[in-house]
Amino acid sequence: MLALTRSWVEVNSYTANTEGVAKVGAMLRDAFALPALTTSAIPGGDGFAEHLVWRTPASYAQPPILLVGHHDTVFPPGHFEGWREDGNRATGPGALDMKGGLAIIRTTLAALADVGALADLPLIAISVSDEEVGSPSSAPHLRELARDASCALVFESGRVNDLIITRRKGVGALTVTAHGKAAHAGNHHKDGANAIWALAKFVDAAQQLTNYERGVTVNVGQITGGTSKNTVPERAECMLDLRYETVADAEALVAALRAAADAVATGGVRVEVSGGANRLPLERTPASAALRDEYAACARAAGLGDGEAPLLGGGSDANTVAPLGVPAIDGLGPRGAGFHTTTEYVELDTFVPKAEALLRFLWGRRS
């Protein structure tokens, strides 16, 4: 597992570096070339490398168990590179998030193949190439694969004490553009329509939709507009980050923001809104709680922690499948810290027990 992870980490697979992502994909094809697994590729489309899917024969006849990963990372070439070991830690881009998790999936499936048990397990494993930017290309395909799944296990970065993730906030994004009318601020001020003024009113209304008690936040993180101080601005634009804990709140929040945009479209200003709820939340359900308990027993037997993580603010592909009604848990990769930073590290002695936990779980699911 360590050798595989190192070989994948040493290839830069920043999402937009499609050549590097494709190279890691080819390495994954080789590693997952196991008896009883068939491999297929889904084109990534414009700007993305292909996504990879592996299936057992039984996955076509029974509700499959979905094992989810991604092989893209967040740092462009030259920014954070390589694999460095220091005692029980290995530092490198994707060591934790989440090439280490892919190595755990692959090795567990190889162990099952070694004892002739893989073919009869209904399994689908998928590694996508665009998770770090919200899975815009892969999400429809992942939803299709997950539609009839019995459960989904996501091998994102393992947390401290091996806490199992059952809840993640959903993530949304809006771009709001105000189109006004330019005019000379001294000679023809009354003839203009100030796009910045309209957008400022929208920003004030949008920020007031934050509700900490419900876990709803709106952040207007970027705003641009105008050409000069003595010209009535004909255009202004802002970009918003949205977070929410429930599907109902996601829908209500987007509707409220669109209504706020409509309300400021007066005085000759037209307001355009694009975007919405990119990822719905991973909500804890009775079914996902039962799945967590089942997996926690396997983790405990492997010598790992078995607690439950608090609500997390960031999304993952668990958010993609859970709204379909598929029980999903996350954070099952090797333990570490620092994902999305240049100090990202993975704890080397957690690979084997994490693989053992998955093996115990799958062994217990044999029909």
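This is a predicted model: local features need pLDDT of at least 70, side-chain atom pairs count only at pLDDT 80 or more; totals for chains, interfaces and linings use all residues.

## The nonpolar cores

Let us begin on the inside. The largest nonpolar core holds 52 residues, and L67, L109, L153, F155, Y295, F361 and L362 touch the most other members. Helix 3 gives the most to this core, namely 8 residues.

Leaving aside residues up to four places away in sequence, L109 touches F32, L34, L37, L67, L118, L123, A125 and L362. Another core lies apart from the largest one; it has 28 residues, including V176, A193, L242 and A250.

## A closer look at helix 7

Helix 7 runs over residues 286-301, which makes 16 residues. From its first C-alpha to its last it reaches 23 Å, close to the 22 Å expected at 1.5 Å a residue. Just after helix 7 comes G303, with a positive phi of about 85 degrees.

Which residues of helix 7 are buried? They are S288, A289, L291, R292, Y295, A296, C298 and A299. These buried residues pack against strand 7 (151-154), strand 14 (328-329) and helix 9 (351-364). You have met Y295 already: it is among the residues that touch the most other members of the largest nonpolar core.

## The largest pocket

Now for the empty spaces. Rolling a probe the size of a water molecule over the atoms shows where empty space is left. The largest pocket has about 440 Å³ of space.

Its lining is made of 20 residues, and E131, R279, G314, G315 and H340 lie nearest the centre of the pocket. Sorted by class, the lining of the largest pocket has 8 charged, 7 polar and 5 nonpolar residues.

## Two cavities

How many cavities of 30 Å³ or more does a search of the whole structure find? The search finds 2. The largest cavity has about 60 Å³ of space, and its lining is formed by D162, L163, I164, Y295, A299, L304, G305, G331, L332, K354 and A357. Helix 7 and helix 9 are the elements that give two or more residues to this lining. By class, the lining of the largest cavity divides into 7 nonpolar, 2 polar and 2 charged residues.

The second largest cavity has about 40 Å³ of space. T73, V74, F75, P93, G94, D97, E132, H340 and E344 line it, with 3 nonpolar, 3 polar and 3 charged residues. H340 is also one of the residues nearest the centre of the largest pocket.

## Backbone details in the loops

A cis peptide bond joins D97 and M98, with omega about -5 degrees. M98 sits in the loop between strand 5 (89-91) and helix 3 (99-114).

Two residues other than glycine have a positive phi to look for: A36, near 80 degrees, and S135, about 60 degrees. A36 belongs to the loop between helix 2 (18-31) and strand 1 (38-42), while S135 is in the loop between strand 6 (123-128) and helix 4 (139-146).

Is S135 buried or exposed? S135 is buried, because its relative accessible area is 1%, under the 20% cut-off. A36 has 30% relative accessibility, so A36 counts as partly exposed.

Key. Residues are numbered from 1 along each chain as its sequence is written. Side-chain values use heavy atoms; hydrogens and water are left out. Helices (H or I, at least four residues) and strands (E, at least two) are DSSP runs, numbered from the N terminus. Buried means under 20% relative accessible area, exposed over 50%, partly exposed in between (1.4 Å probe, protein chains only). On a 1 Å grid over the protein atoms alone, a cavity is a set of points where a 1.4 Å probe fits but cannot get out, and a pocket is an open set with protein on both sides within 12 Å along at least five of seven lines; lining residues have an atom within 4 Å of a point. Grid points are joined across faces, edges and corners, and a volume is the space filled by probe spheres set on the points. Ala, Val, Leu, Ile, Met, Phe, Trp, Tyr, Cys and Pro count as nonpolar, Asp, Glu, Lys and Arg as charged, and the others, Gly among them, as polar. The expected span of a helix is 1.5 Å times one less than its number of residues. Contact means heavy atoms within 4.5 Å. A nonpolar core is a set of buried Ala, Val, Leu, Ile, Met, Phe, Trp, Tyr and Cys residues joined through side-chain atoms within 4.5 Å.
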